Amino acid sequence: MIHLLIVDDHTTFRAGIARLVADEPDLHVAAEAADGSAAIALVRQQAFDLVLLDINMGARNGFDTLTALRAERPRLPVIMLSMYAESQYARLALRSGANAYLSKDVDTEELLRAIRRVAAGHLYMPMGVS
C-alpha cells in the first residue's frame, strides 16, 4: 500500500485526487495539507510513501516546501504538480529534488503510473520533457 500526502491549497483539487485514487487497491490518501507548513508538520508526525506537492501555494511555495521536506525526510518521494505545463518548470522541479513533475491537467492513468513509478524509487519524466 502506497500512503500518500496531498499538499495543495485548493480543497477541491485535493478531494479530486483522493477520489481518483480511492478505487486503486494499492493507493491510500493518508493525509492532506492546504499549505507547506502543514505538510512539514504532518511529515514530522507520520510516515508517508509519497507526497503530491503543488508548486503554487500561498506563503510557502512548493519549492520552499520541497527544500524543507528534503531536510526532514531526504528520501521521501515527491511529485510536484502545477497548472504550468511548460518543460522549464519540470526541469526546475527535478533539479530542485523532486522525483517527478506533472501538469495538473495530466490524465488519470499517467498520474497513477507516475505515483507507482516514483513510489518504487524511480524518477518519472513526463512526455516532452528532456
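Q: Which charged end sits over the ring of Phe 13?
A: In this predicted model, the charged end of Lys 104 is placed over the Phe 13 ring, 4.5 Å from the ring centre.

Q: How many aromatic pairs does a search of the whole structure find?
A: A pair of aromatic rings is described by the distance between the centres and the angle between the planes. Here the search of the whole structure returns zero such pairs.

Q: In what order do the strands of the sheet run, and is the pairing parallel or antiparallel?
A: Strands in a sheet pair through backbone hydrogen bonds, in either a parallel or an antiparallel sense. This open sheet has five strands in the order β2-β1-β3-β4-β5, with parallel pairing. β2 (27-33) and β5 (100-103) each have a single partner strand, so one side of each lacks a neighbour in the sheet. On average, neighbouring strands are turned by 25° against each other, direction ignored.

Q: Over how many bridges do β4 and β5 pair?
A: β4 (residues 78-82) pairs with β5 over four bridges, in the parallel sense. Leu 81 stands opposite Leu 102 of β5.

Q: Which strands does helix α1 lie across?
A: Helix α1 (residues 11-22) lies across β1 (2-7), β2, β3 (50-54) and β4, and runs at about 170° to β2.

Q: At what angle do the axes of α1 and α5 cross?
A: Two packed helices are described by the angle and the distance between their axes. The axes of α1 and α5 (residues 108-119) come within 11 Å and cross at roughly 80°. The two helices are therefore roughly perpendicular. Ile 17, Leu 20 and Val 21 of α1 meet Thr 108, Leu 111, Leu 112 and Ile 115 of α5. By class, this contact has six nonpolar residues, one polar and no charged.

Key:
Residues numbered from 1 in each chain as written. Predicted model: local features only at pLDDT ≥ 70, side-chain atom pairs only at ≥ 80, totals over all residues. Heavy atoms only, no water. Pairing = 2+ DSSP bridges. Axes fitted to C-alpha atoms, helices over the stretch in contact; angles between N-to-C directions. Contact = heavy atoms within 4.5 Å. Phe/Tyr/Trp six-rings, centres within 6.5 Å; stacked < 30°, edge-to-face > 60°. Lys NZ or Arg CZ within 6 Å of the ring centre and 35° of its normal. Parallel < 35°, antiparallel > 145°, perpendicular 65-115°, else oblique. Nonpolar A, V, L, I, M, F, W, Y, C, P; charged D, E, K, R; others polar.
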